[in-house]
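Visitor: Could you walk me through this protein, one question at a time?
Guide: Gladly; here it is.

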Amino acid sequence: MKLKVIIHEAEESGYWAEVPALPGCVSQGETFEELLNNLDEAISGCLTVDLVSVTMDRNDRVIEISV
């Protein structure tokens, strides 16, 4: 999967980034490398679905796909 990320220089220091395809998915880092590592975690977290809070009927099913 490829996602476009907008990287900003933080006013105080370091960087912060947002993922437009995943509203609310943002991260920050003091260095560019730290930002990239943090973004990986943030994107993984944003794509994780908590199935406990999802209401499903008996004919519904959960599958995983790669994009």
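Guide: A word on terms to begin: buried means under 20% relative accessible area, exposed means over 50%, and partly exposed is in between (1.4 Å probe, protein chains only). This is a predicted model, where local features need pLDDT of at least 70, side-chain atom pairs count only at pLDDT 80 or more, and totals for chains, interfaces and linings use all residues. Residues are numbered from 1 along each chain as its sequence is written, and side-chain values use heavy atoms, with hydrogens and water left out.

Visitor: Is Phe 32 buried, partly exposed or exposed?
Guide: Phe 32 has a relative accessible area of 34%.

Visitor: Which residues form the aromatic pair?
Guide: Rings of Phe, Tyr and Trp (its six-membered ring) pair if their centres lie within 6.5 Å; planes under 30 degrees apart count as stacked, over 60 as edge-to-face and the rest as tilted. A search of the whole structure finds one such pair. With 5.9 Å centre to centre and 85° between the planes, the pair is edge-to-face, and its members are Tyr 15 and Phe 32.

Visitor: How many residues apart in sequence are the parts that this pair ties together?
Guide: Helices (H or I, at least four residues) and strands (E, at least two) are DSSP runs, numbered from the N terminus. Tyr 15 lies in strand β2 (residues 15–18) and Phe 32 in helix α1 (residues 32–47), so the parts tied together are 17 residues apart.

Visitor: What accessible area does the nonpolar surface patch have?
Guide: Areas come from the Shrake-Rupley method with a 1.4 Å probe; for residues, only the protein chains shown count as cover. One member, Ile 7, is found in strand β1 (residues 6–9). Together, Val 5, Ile 7, Phe 32 and Leu 36 have about 290 Å².

Visitor: Where is Glu 30?
Guide: Glu 30 is partly exposed, at 48% relative accessible area. Its place is the loop between β3 (26–29) and α1.

Methods. Patches are made of residues with over 30% relative accessible area and no salt bridge: like charges are joined within 9 Å, nonpolar side chains (Val, Leu, Ile, Met, Phe, Trp, Tyr) within 5 Å. A salt bridge is a side-chain nitrogen of Lys or Arg within 4 Å of a carboxyl oxygen of Asp or Glu.
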